[in-house]
Amino acid sequence: MINPRLWVRNGFDRAERILDRAFGPDWNPLAQLGPIGWFLFWTVAVTGIYLFIFFDTGVTQAHASIEWLTNDHWWHAGLSRSLHRYASDLMVLMMFLHLLREWAMDRYRGKRWFSWLTGVFVIWFVYLSGITGYWLVWDKLAQYVALTTTELLDTLGIFAEPIARNFLSPQTLSSRFFTLMVFLHIAIPLLLLLLMWIHIQRITEARTRPPRGLAVITLAGLAVGSLLVPAVSQEAADLATMPQAVGIDWFLLSLYPVIESVPAGVIWGGVLAFTLILAGLPWLPRRREGAAAEVFLDHCNGCSRCVADCPYAAITLVPRSDGLPFTHEVEVNAARCVACGICMGSCPSSTPFRRSGPLVTGIDLPERPLAQVRAEVIAAASALEGGQGRVLTLACAHGAAAEGAPGRVVLPCVAMAPPSLIDFIISRDLADGVAVAGCAERDCYNRLGIAWTEARFDRTRDPYLRARVPRERLMTVWTGPTEAARLDSELAGFSARLAALPPFEGARKLEADPDEMQEGAK
């Protein structure tokens, strides 16, 4: 049976691989949908403020002022109008692609519900911002939008008098009502900005700016499109007549033809059902997640490395509570922890070399503690075939290496593995080399796992990989779920390179140290 989510996820992965070749992983547009959305919002805001300088808010002068800035000042105000229009449309497209991609990657359920739910409100505020913007042009399309919208609102019965009456004749529409529309078109985007800020509150180091080069490409593309196909108005609105044919902006106004032909009750029911289903997706069905990370104060000195590394702001520093001579300790917010294990990999006490007492670290996953990971590594190493070129793989559960295989240990995130685990594998001769096989480089499933792993191996972020570990015996490969062939090729090439190397003189057999064997089995 085909899983629709996996089918869409694999489709995105294949498309992103093509875009990787054109833009590179860091500039891949499909991996930067959120930041591009923010960039487009600011593009719309800046061009909107500039246009307001030239705009006459009077109901009888609005259309003439728009025509004046579009035609007489096309090279700056007219260009700004087109940028404003096309950036708005592109923002809608980016928003829905972002929503679809997060759903396909299963990054919306469980502890991630907050970002998804606030994103649902962002969708509607984007639409409200766009719809009120069309009113201000006050052409035939604006008249159509205004009349259709107010007639739909009147069916709710919440207004003292039907507001659609304002658009029945030229005498009934006052400049005061039009000024209200101007106010709404300013107030709603401000509320949208607040919602966008709330949307990222549970995300550490949230990306709100695309790479500068990608931003330049996006803006340049919008500018070229604006010059080649400038946004223009339709005929001026005339409340004495009914628009017979109007050009529709299918990005923002695609539902309006449906509103005309379907009873209002069905429209409102559909809107409510769509919103409730979309908002309820994180719990349909509810996903069982691993238990939140647990802190062991006997091994925690409050160094705050796990606080800095947590991608979801689930760990905070609080005053010390156990009397040990440290000022702080860390505290885990279970409502935010997704059990990715990155905090365990960042803890300086996460070392598999410990020989006295049980292997406990400062912060650990109750369902996948470091002691268990070490035992899995030892078991995976014993499954490797003898001879040179033995590769032990530490794999991400969301990349091409997610499926179990001999000599492979699958983790929630490769950044869960502390650098000392690499040292342990090589120096104890469990394998000739270690391959860290994470998810796609363009967009880590747990946001920061790839970045922190590379920084630790490059010795630019604590905890460092020891200098004694030969770098030629360590390989990182970042592959998406549809790149199994590339992964196999990379692993085969790495094994061949290892086989050509002389034996590592610093290695010693684990079998020679029964204490470590027993500790690893605990």
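This is a predicted model: local features need pLDDT of at least 70, side-chain atom pairs count only at pLDDT 80 or more; totals for chains, interfaces and linings use all residues.
User: How do helix H3 and helix H4 cross, then?
Analyst: The axes of H3 (residues 62–71) and H4 (residues 74–104) cross at roughly 120° and come within 6 Å. H3 and H4 are therefore oblique to each other.

User: Which residues meet there?
Analyst: From H3, the residues are Ile66, Leu69, Thr70 and Asn71. They meet Trp74, Ala77, Gly78 and Arg81 in H4. By class, this contact has four nonpolar, three polar and one charged residues.

User: Changing topic: is Asp364 buried or exposed?
Analyst: Asp364 is buried, because its relative accessible area is 4% and buried means under 20%. Asp364 lies in strand E4 (residues 363–364).

User: What does the side chain of Asp364 reach?
Analyst: The Asp364 side chain reaches the backbone nitrogen of Leu370 at 3.1 Å.

User: And which residues does Asp364 touch?
Analyst: Leaving aside residues up to four places away in sequence, Asp364 touches Ala293, Glu294, Phe296, Met344, Pro369 and Leu370.

User: On to helix H10: how many residues has it, and what is its reach?
Analyst: H10 (residues 264–280) has 17 residues. From first C-alpha to last, H10 reaches 24 Å, close to the 24 Å expected at 1.5 Å a residue.

User: Which residues of H10 are buried, and what do they pack against?
Analyst: Ile267, Leu278, Ala279 and Gly280 are the buried residues of H10. The buried residues of H10 pack against H4, helix H5 (113–137), helix H6 (140–154) and helix H9 (256–261).

Methods:
Residues are numbered from 1 along each chain as its sequence is written. Side-chain values use heavy atoms; hydrogens and water are left out. Axes are lines fitted to C-alpha atoms, for helices over the stretch in contact, and angles run from 0 to 180 degrees between N-to-C directions. Helices (H or I, at least four residues) and strands (E, at least two) are DSSP runs, numbered from the N terminus. Angles under 35 degrees count as roughly parallel, over 145 as roughly antiparallel, 65 to 115 as roughly perpendicular and the rest as oblique. Contact means heavy atoms within 4.5 Å. Ala, Val, Leu, Ile, Met, Phe, Trp, Tyr, Cys and Pro count as nonpolar, Asp, Glu, Lys and Arg as charged, and the others, Gly among them, as polar. Buried means under 20% relative accessible area, exposed over 50%, partly exposed in between (1.4 Å probe, protein chains only). A polar contact is a pair of N or O atoms within 3.5 Å; within protein, one must be able to donate a hydrogen and the other to accept it, and residues adjacent in sequence count only if both atoms are side-chain atoms. The expected span of a helix is 1.5 Å times one less than its number of residues.
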